[in-house]
Amino acid sequence: MRLLTNSFARQVSVKTFRATYTPVGRNAISVVAGRKSYATVANAPLAEKLKVNGDRLWNDLHYTAHWSAPSPGGLTRLCATDYDKQARDWFRDQVLALGADYKVNATGTQFALIKGEDMSIPPIAMGSHLDSVATGGKFDGPLGVIGGLEVLRSMKEQGIKTRAPLVLINWTNEEGARFFPLLGSSIVYAGQSTVKAAHASLSNDHSGITMGSELARIGYVGDGPNTFEEFPISAHFEIHCEQASDLEKAGKPVGWVEGWQGMTWYSMEFKGEDGHANTYPMAKRKDALLGAAKVITELEKVAFENKGDSTVTNILSGPWGACNIQSNTKLSFCLMNKDGVAQEAMGQAIEKRVKDIAALHGLELEMKRDIHLLPGDFWPEAIDCVKRACGDKGIGSRTGTGHDSTMTTTLVPTAMVFVRAKDGLSHTAKEWSDKDDCTEGALALGKSVLNFDELMRTKAATV
Ligand SMILES: [Zn+2]
């Protein structure tokens, strides 16, 4: 593994960052947008030049999908498994071959830094994830990382050099499919969790395995950078399959993502009392699973009442046995809503109903709101870069789920490129995007990055 070079080390210097870069705040965006000199419908000159190699992207998407647990037609590459290690090793080899400065942080996230003309500027990031859910498809995540790789390869071949350095990031445990919570590394980078907490993330199979121990097992606990303060970026762009049907309905291959719906994840546990399933009187029971069943039906009602959605994602109940009253039941669930007020109302409603159910059945309750993300918008100036990159091949869209970009957007200008997904399917082996659409997505990603580089150049020249 190549060591951190001086150029990367300079990038991670907070002192350098503070001396040379003032983050563009959200308030500043409207000022920028209002200045005619920045408002343009055209792509940056370098963006107009860029081409990408759709064959290479397509081949790599399918080639890397063989690092998967048996998953006919799809992908099952859970975080920090041996399959994940194989995909990570491949990624490392590809970026080293491009001459990138390569680094792994303590939560296993891989960074590949490509030099720019001015190394005092924090790099423009492209990032997504190589991990998948169980029963996943080949596109959710890998398209973002391998699409970014395709952009870097094409830029190198075509002699396209940016003023800012670029960094390609493979974020760890985006899916939260094996370890909870999801967005397991970008949440640390955004300062909303810690390396210690991420390492302690328990596997969802209740085996007691932690993300930290599994990352160590596959050799992916590095020494940083872990946070934005250690390694600031100027912006973050991500391609992702749409996971909805708006592009398909509009007949467009790509889209610029304007924002996300609200999402809240809860985990809870009911503790009741052990007893004989056949003989103990029902009226006296403290049955944790019965309580959980009532919570599940209340979740459906709360969603309908608030024009939102809810999903129970995990349940564990015990003790096992044909003759045991269930004295311990754990549930995980999420609530989604496009409206922030309704999102809050859903949370308040379910919290009250869970408490009422606990009281009715004499159950002890522990309940935790693990992640709470209100609906929001990406940064206008980053969206504008993607919009220009998509041109008339795209439409505006919104995402219904969390991405690493929903973490980086709390820090820096962030926007996403959506790629048309067949029937809007995702997290299934049926997930599919056509080759030409993936190619358009990678091209839009590269153009977005070049548009943002040009935007920063223009702003620096006019300050
Ligand atoms: Zn994803």
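Two strands pair if DSSP finds at least two bridges between them. Helices (H or I, at least four residues) and strands (E, at least two) are DSSP runs, numbered from the N terminus. By these terms, strands β7 and β10 pair in the antiparallel sense over 9 bridges.

This is a predicted model: local features need pLDDT of at least 70, side-chain atom pairs count only at pLDDT 80 or more, and totals for chains, interfaces and linings use all residues. Residues are numbered from 1 along each chain as its sequence is written.

**Overall build**

- The protein chain holds 16 helices and 13 strands.
- The radius of gyration (taken over C-alpha atoms) is compared with a globule rule of 2.2 Å times the number of residues to the power 0.38.
- For 463 residues, a compact globule would come out near 23 Å, and the protein chain agrees, with 23 Å.
- Along the principal axes, the C-alpha atoms fill a box of roughly 80 × 45 × 45 Å.
- A residue is buried if 20 or more other C-beta atoms lie within 10 Å of its own, exposed if 12 or fewer, and partly exposed in between; C-beta atoms are placed from the backbone.
- Buried residues account for 48% of the 463 residues.
- Two residues are in contact if their C-beta atoms, placed from the backbone, lie within 7 Å.
- Of the contacts between residues at least 6 apart in sequence, 80% join residues at least 24 apart.

**Domains**

- The chain splits into domain 1 (6-261 + 375-462) and domain 2 (262-373). These bounds come from an automatic or database domain assignment.
- The domain centres, taken over C-alpha atoms, are 35 Å apart.
- Domain 1 gives 9 residues to the contact, and domain 2 gives 14 residues.
- On the side of domain 1 that touches domain 2, 2 residues are nonpolar, 7 are polar and none is charged. Here Ala, Val, Leu, Ile, Met, Phe, Trp, Tyr, Cys and Pro count as nonpolar, Asp, Glu, Lys and Arg as charged, and the others, Gly among them, as polar.

**Nonpolar cores**

- A nonpolar core is a set of buried Ala, Val, Leu, Ile, Met, Phe, Trp, Tyr and Cys residues joined through C-beta atoms within 7 Å.
- The largest such core has 72 residues, and V386, A415 and V417 have the most contacts inside it. Helix α16 (residues 435-462) supplies the largest share of this core, 10 residues.
- Leaving aside neighbours within four places in sequence, V386 is in contact with W256, A415, V417, A444 and S448.
- Another core lies apart from it, with 21 residues, among them L78, A177, F180 and A198.

- Strand β4 (residues 166-170) has 5 of its 5 residues buried.
- L166, L168 and N170 lie on one side, V167 and I169 on the other, and all are buried.
- Strand β2 (residues 110-114) pairs with β4 in the antiparallel sense over 5 bridges. In this pairing, Q110 stands opposite N170.
- Strand β3 (residues 124-128) pairs with β4 in the parallel sense, also over 5 bridges. M126 has L168 as its bridge partner in β4.

- In strand β7 (residues 262-271), 7 of 10 residues are buried.
- β7 and strand β9 (residues 328-337) pair in the antiparallel sense over 10 bridges. T329 in β9 is the bridge partner of F270.
- L373 sits in strand β10 (residues 364-373). Across from L373 stands M263.
- L373 is partly exposed, with 19 other C-beta atoms within 10 Å.
- Not counting residues up to four places away in sequence, L373 touches G262, M263, G402 and T406.
- L373 and M119 are 254 residues apart in sequence and 34 Å apart in space, C-alpha to C-alpha.

**Backbone details**

- The F180 to P181 peptide bond is cis, with omega near 5 degrees. P181 lies in the loop between β4 and α8 (186-189).
- L183 is also in the loop between β4 and α8. Its phi is near 50 degrees, a positive value in a residue other than glycine. L183 counts as buried, with 27 C-beta neighbours inside 10 Å.
- The G224 to P225 peptide bond is cis, with omega near 5 degrees. P225 belongs to the loop between α10 (211-217) and β5 (235-241).
- K307, in the loop between α12 (288-305) and β8 (309-318), has phi near 50 degrees. K307 is exposed, with 11 other C-beta atoms within 10 Å.
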